[in-house]
Amino acid sequence: MMLAGLSAKDYYFKVKPNCEAGAQVSGYYGFDSVSFGLDAYNIEIEALGGKMIYGDKSMPTIDFRDPLIKKPEDLDKLRKKEVDWYNDGRFPFVLESLDINLEYGFGTSIFCSPFSMAVGMRGFPKLIRDHRKNPKFAHELYTFIVDDVLLPWVKVQNKSSGNIMAIGADAWACIPNLSVKEMFDWVVPYNKRLTDKAKKKGVLAMNVSGDYCEERMERYNKEVLHGSFDVEIESQGAPSLFLAMGRWQDYPLEDVREYTAKFRDEGKNVIVTAGVNARLLRDGPIEKIVDNIKRFIDTFGRDHDLSIFFANIPADTPSDHIHAAVAAVHTYGQLPIAENLDEIDFKLPKKKSFNEWQKEHNLTI
Amino acid sequence: MTNSKTLEDLKIAVLEGDDDLAKDLAEKSIKEGIKPIKVMNEGIIPGIVEAGDLWKKNEYFHTDIILCAEAFRLAMEIVEPKLSSGDLGAAGTVIIGTVAGDMHNLGKIMVKATLRGGGFKVIDLGEDVPNETFIEKVKEIKPNILGLGCYMTTTMLEMKKILSLLQKEGLRNDVKVLVGGVPTTQEFADEIGADAWGKDAFDAVEKAKIIMEGN
């Protein structure tokens with residue numbers, strides 16, 4: 001949004017600028033897949049009447065001071081709400097952008113996973129309190145979210161765009177927000193409920209839950225990490241790991257290999273989608289960014305299905321950092337992956353500014 | 001003995017995040033004639049301090065801390081009005097808020113509790129706080145520390161602007177700035193000229209204490 005010079009109003013509410021910005025920024029940086037910019041945690045709640053805050057230069061956000069479900073009785077009122085899945089809130093924006101993004105080769109629908117949606121509707125403290133003090137209501141809430149909100153919504157996205165895959169964003173369901181046990185008690189069952197029910201309607205709905213995001217390295221724990229991987233795999237229904245928002249530049253990657261060994265020993269393909277930490281991308285130095293990517297490739301590139309992604313990049317991240325990261329992926333990630341990546345000569349790319357690149361390609365947004 | 005048991009039970013209620021019980025036990029402690037400052041120092045605060053220890057040992061997660069913070073808050077609501085003015089805020093005064101455009105408050109709830117547990121007086125300006133409001137309140141209240149929180153990469157840049165405003169208004173040397181929130185780092189804090197960065201709620205109170213020692 002920032003690089004493309006768009007206001008939040010244009011980026012989050014107008015389909016063409018949103019999709020064009022995503023496509024052009026992806027092209028500028030040389031990403032191998034188009035970047036789809038959507039505030040995935042807000043769309044369903046906004047359409048249901050949840051109070052939102054819209055900033056001039058920031059992503060829309062739920063107003064947690066005034067949640068949609070303040071007390072259990074509010075769920076009964078919400079059940080009675082008639083929802084127009086094609087026209088309420090920003091549903092039309094999403095449906096139209098799915099079609100446009102398909103032209104750019106991005107054919108996946110997106111939704112907010114059950115746990116994160118429950119947080120959005122209730123607020124994290126109240127929801128956790130519900131788990132402990134009013135579990136019956138908590139289960140009712142999750143069931144409503146899956147059966148009455150997400151199932152219809154993913155089906156509409158599928159019907160409208162033809163996408164058979166839908167990915168659920170679930171940043172709230174991470175270590176250390178929740179323990180592994182809490183995720184198995186409250187996150188996994190409803191992820192599976194959604195996956196099972198969506199499958200019957202011809203949609204593969206996979207929830208990206210269980211991310212390991214421990215900030216304090218002294219709290220890093222292999223057992224907890226492996227438990228979070230169990231959550232990820234149960235939530236996605238496949239041996240697929242997202243190494244998403246955590247400090248993957250510091251965690252020992254051998255612990256991930258240790259976990260995936262059981263699948264590889266059975267001859268199964270293990271997908272690893274490895275994220276370059278957003279704060280590392282911003283802060284650098286470039287050498288550390290490049291080294292992080294090299295480590296990912298060296299550790300997983302030869303015997304896992306590896307892809308590398310960048311997400312939640314702070315708006316003031318130097319473009320050079322992202323260019324360097326992309327160059328690192330393309331340099332060390334050439335197939336077949338070299339035996340010794342240290343022997344590969346890495347050169348920092350010299351790149352023009354985004355505006356210069358646009359002019360060169362006769363592009364505007 | 002009864003008093004000790006009540007205070008021990010109160011500590012456990014806070015530690016375990018049982019907010020209703022913590023509130024009831026705080027009331028019971030006062031009714032039993034235990035001095036409010038003793039209720040706070042031997043019943044309520046030890047609960048959150050022990051929660052911090054369990055957090056560091058990887059036994060507690062955010063769910064536990066947030067419930068503990070809520071129990072702490074409710075218990076303190078009973079006790080605080082009965083404290084003498086000198087009993088609170090001996091460690092210092094902190095103004096805290098989530099920056100403009102940002103509605104997240106999870107971290108702030110936890111930081112408030114740990115700061116109060118650490119003996120700080122905390123004035124919470126809420127969420128989506130305009131930059132000018134932070135400046136006005138710094139002028140009005142003259143806190144030792146201004147705590148800024150954010151949860152989104154799109155809002156963290158407001159912190160830079162607030163630091164600039166403090167400089168412009170001639171207030172920068174009058175207050176220490178402590179920043180925190182998911183997208184922030186030590187590098188970011190250094191870059192914008194903040195005095196400290198809290199990586200989590202328990203680190204925030206440690207950093208606040210270090211700041212006060214430096215003062």
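**Exercise 1. Find the residue that Ile95(B) stands opposite, and describe the sheet around the pair.**

Solution. Start with the pair: Ile95(B) stands opposite Ile123(B), which belongs to β2(B). The structure is a predicted model, in which local features need pLDDT of at least 70, side-chain atom pairs count only at pLDDT 80 or more, and totals for chains, interfaces and linings use all residues. Residues are numbered from 1 along each chain as its sequence is written, and chains are lettered from A and ligands numbered from 1 in the order in which they are written.

Next, take the strands. Strands (E, at least two residues) and helices (H or I, at least four) are DSSP runs numbered from the N terminus. Strand β1 (residues 92–98) of chain B pairs with β2(B) in the parallel sense over five bridges; pairing requires that DSSP finds at least two bridges between two strands.

Then widen the view to the sheet. Five strands form an open sheet with parallel pairing, in the order β2-β1-β3-β4-β5 (chain B). The edges are held by β2 (120–124) and β5 (196–198) of chain B; each has a single partner strand, so one side of each is left without a neighbour in the sheet. On average, neighbouring strands of this sheet are turned by 25° against each other, direction ignored.

**Exercise 2. State which strands helix α6 of chain B lies across, and at what angle to β1(B) it runs.**

Solution. Helix α6 (residues 131–141) of chain B lies across β1, β2 and β3 (145–149) of chain B. The angle to β1(B) is about 165°. Axes here are lines fitted to C-alpha atoms, for helices over the stretch in contact, and angles run from 0 to 180 degrees between N-to-C directions.

**Exercise 3. Describe the domains of chain B and the contact between them.**

Solution. First, the bounds: chain B is divided into domain 1 (2–86) and domain 2 (89–214), from an automatic or database domain assignment. The C-alpha centres of these two domains of chain B lie 25 Å apart.

Second, the contact: 12 residues of domain 1 of chain B touch nine residues of domain 2 of chain B, where contact means C-beta atoms, placed from the backbone, within 7 Å. On the domain 1 side, the elements giving two or more residues are α3 (36–56) and α4 of chain B. By class, that side has nine nonpolar, one polar and two charged residues. Ala, Val, Leu, Ile, Met, Phe, Trp, Tyr, Cys and Pro count as nonpolar, Asp, Glu, Lys and Arg as charged, and the others, Gly among them, as polar.

**Exercise 4. Describe the side of chain B that touches chain A.**

Solution. The contact takes 28 residues from chain B and 32 residues from chain A. On the chain B side, α4 (62–79), α5 (106–117) and α8 (186–192) give two or more residues. The largest share, five residues, comes from α4(B). By class, this side of chain B has 11 nonpolar, 10 polar and seven charged residues.

Definitions and conventions:
Two residues are in contact if their C-beta atoms, placed from the backbone, lie within 7 Å.
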